Amino acid sequence: GINSIAFIPVDPVDLINALINDVIALNLHNGIENGLDAKLDAALEALDDVNKNNDEAAVNTLEAFIAFVAAQSGIQIPVEEASVLIAAAQEIIDALNCG
């Protein structure tokens, strides 16, 4: 028969790690890069906490990341790169909200 491809949810942790690599690859001003990394690290820590459901905390941190990127778009972060980072973070939020 025909194999249907089941929807496989992507691990948000993998997506966040990919986003961290994207941020590092942009070679942004140190303060900006550190600020963005700190938010993504906080999101990872929230997801790592197996004791409680901290998806909401991770989503809040990712929304802060988006706000930070949006505020620096066209200033410290080129507009095109900023929109890519925002789209990636939004994708992770969507994945967390589905899960």
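Helices, here, are DSSP runs of H or I with at least four residues, numbered from the N terminus. In this predicted model, helix 3 is followed by G74, whose phi is positive, near 85°.

Helix 3 itself spans residues 55-72, and its 18 residues reach 26 Å from the first C-alpha to the last, close to the 26 Å expected at 1.5 Å a residue. Its buried residues are A58, V59, T61, L62, F65, I66, V69 and Q72; because they cover an arc of only 165° around the axis, they lie on the same side of helix 3. The cover over these buried residues includes helix 1, helix 2 and helix 4.

Two of those covering elements, helix 1 and helix 4, also pack against each other, with their axes 10 Å apart and at an angle of about 170°, which means that helix 1 runs roughly antiparallel to helix 4. By class, this contact has 11 nonpolar residues and two charged ones, with no polar residues. The residues that meet are set out below.

| Helix | Residue range | Residues in the contact |
|---|---|---|
| Helix 1 | residues 12-25 | P12, L15, I16, L19, D22 and V23 |
| Helix 4 | residues 79-98 | L85, A88, A89, E91, I92, A95 and L96 |

Where does L44 lie? L44 is part of helix 2, and it counts as buried because its relative accessibility is 14%, under the 20% cut-off. Leaving aside neighbours within four places in sequence, L44 is in contact with V13, I16, N17 and I20. L44 and N54, which are 10 residues apart in sequence, are separated by 9.9 Å in space, C-alpha to C-alpha.

Conventions
Residues numbered from 1 in each chain as written. Predicted model: local features only at pLDDT ≥ 70, side-chain atom pairs only at ≥ 80, totals over all residues. Heavy atoms only, no water. Axes fitted to C-alpha atoms, helices over the stretch in contact; angles between N-to-C directions. Helix = DSSP H or I, 4+ residues; strand = E, 2+ residues; numbered from the N terminus. Parallel < 35°, antiparallel > 145°, perpendicular 65-115°, else oblique. Contact = heavy atoms within 4.5 Å. Nonpolar A, V, L, I, M, F, W, Y, C, P; charged D, E, K, R; others polar. Expected span 1.5 Å × (residues − 1). Buried < 20%, exposed > 50% of the residue type's maximum accessible area, 1.4 Å probe, protein only. Arc of directions from axis to C-beta.
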